[in-house]
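Here are a few notes to read alongside the model. Have the sequence and the 3D view open as you go.

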Amino acid sequence: MTYQSTTRQFACDPAAVGGASDPIRAILEKALSGGEVSTDEGVALFRAQGADIDAVYRTADTLRRRANGDRVSFVVNRNINFTNICYMGCKFCGFAKRAEDKSAEWLEPAQIVERAQQAWDRGATEVCIQGGLHPKMEGTYYREIIRAIKTALPGMHIHAFSPFEIWYGASKTKMSYRDFLADLKEAGLDSMPGTAAEILDTEVRMQLTTNKLSAERWVEIIRTAHEVGIPTTATIMYGHVDAPEHWAAHIALLRDIQKDTGGFTELVPLSFVHTDSPLYAQNPDKVRPGPTAREVDLMHAVSRIMLHGWIDNIQVSWTKLGAARAQQMLSRGVNDLGGTLMNESISRAAGSNHGQEITARELVRMIRAAGRVPVRRNTIYETREVFEHHDPEELAPLVDRKGRDPLAFLEMFPERPARAEAAQ
C-alpha cells in the first residue's frame, strides 16, 4: 500500500529563505512549496555555511509550525532494560555486559511488571522495553514479558523490542519475522522502537559492528512490523564514522519506507556519545567524538525539511543532549521532547550525564519557557492533555538526583507566554 503525503502546496515564505545563496534558496523554496528534497539536496543542506545555515533553520521552523502549530508534546513513560547481558559486540556500545560481570542484570517477568506498575502509578501510559541479546535467553521470553505486563496492566501501552531483538527472537524460535511479529502483536505488543538503525549503510555498519543486524534486515523487519499493524519509531545515530552523504541517504530511505507503509510515528536523531564508548576509546584517531553543535542543529532541521509531509514528528533526545540543548532544538524543527523515561541506562552507559528522568511538570516548564504550548500525548501521538492553564502533578524524581537540577538553566531566562497556535 502506498501512502499519500500530507504536504499541501504553499507559497514560499520569503522571510525563511532570506539571505540564502541561490543553490540553497532553490532547495528551501522547493521544500516550502511542497516539493520533495532529494538525497543530494539533503547533503547540500547538511553542508550549509554562513547565512545558508540560518535559512535552513528558519525553513525547518516554518515547516514545523505548518505541521504541528506551536504545540510541543511529550509522553509519560518508563524505560525498562530487562537485561544488559549481550555478546553481540557492537563497538559503540558501553551498555553490554558479560554474564559473569558484577554489574550484569537480568529481570524476571515479575520484576518487569513491578517496575511497570510503579510507572503506571506515576501516571505513565507507556513502558519502553529493550534489552541485550542474552545468549541463553529463549526467544519466547519476549512474549512472556508482554503477557505478564498486559495481564497486570491491560491499559499500559507496550513499546518494545528493537528490530535487532526481533531478529534474535525469530532466530531463536525458528519463526519467520512476520509470524514472530504477529505473535507478539497478538500477545499485546502495541508498537516498536526503531532503534538499532544506527546508519543504514553497509560500509558504515561494518565499522560499528561485525555481528549486528544488516541494513537490509533492519528495513525488512521494520516493513514487516508495519505490514502486520505494529507502528514503529525511526532513529539515526550519527557523529562517529559517518558523513552528510550517509545522513541524507538514511533519511531518504526512511521516507521511502513511510511512503509505502505509513508506519513510522516519529524520527529521533541520536547523537553519538563517545565518552565511554569502546568504538571511540579503541580508535580515537578514526572516530569522531560525537557530532558538532552545528551538526546537531542541522540534523534536526534537515530531517524536518526532508521528511515534511511524511514523518511530521521530529523528536529530540534530551538524554543525549541535555535539557538546555533539547529546548534549543525547538527552533530547529523539533516538536516533541520524548518521554519522562524515569530510568535510562543505554546513554548513561556510553557516558551521558544528563540524568534519568525529567518529570512531566518539568517538561511543561521547559516547553512554556520556549513560548510553546505543552501537550501530553500517548505513544502514537494522540493528544491526551493540553497544559494551557494548569500543570501536571508534582512528583519527586524516581531516582535520586543527588542535588542535580536538569532545569537549572531556565533560571537565566524568564518564562515566555505561548504563541498563538498556528497550523497554516
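1. A word on terms first: helices (H or I, at least four residues) and strands (E, at least two) are DSSP runs, numbered from the N terminus. By that count, the protein has 17 helices and nine strands.

2. Keep in mind that this is a predicted model, where local features need pLDDT of at least 70 and side-chain atom pairs count only at pLDDT 80 or more, while totals for chains, interfaces and linings use all residues. Residues are numbered from 1 along each chain as its sequence is written, and side-chain values use heavy atoms, with hydrogens and water left out.

3. Of the 424 residues, 58% are buried (under 20% relative accessible area, 1.4 Å probe, protein chains only).

4. Now the open sheet: four strands in the order β7-β1-β8-β9, with mixed pairing. The edges are β7 (336-339) and β9 (383-386); each has a single partner strand, so one side of each has no neighbour in the sheet. Neighbouring strands are turned by 25 degrees against each other on average, direction ignored.

5. Look at β1 (residues 71-75), which pairs with β7 in the parallel sense over two bridges (strands pair if DSSP finds at least two bridges between them). Val75 sits opposite Gly339 in β7. Helix α17 (residues 360-369) packs on this sheet and touches β1, β7 and β8 (373-377); contact means heavy atoms within 4.5 Å.

6. Finally, is Asn81 buried or exposed? Asn81 lies in strand β2 (residues 77-81) and counts as buried, at 10% relative accessibility. Its side chain reaches the backbone oxygen of Gln130 at 3.3 Å.

Notes: Buried < 20%, exposed > 50% of the residue type's maximum accessible area, 1.4 Å probe, protein only. Polar contact = N/O pair within 3.5 Å; in protein donor to acceptor, adjacent residues only side chain to side chain. Axes fitted to C-alpha atoms, helices over the stretch in contact; angles between N-to-C directions.
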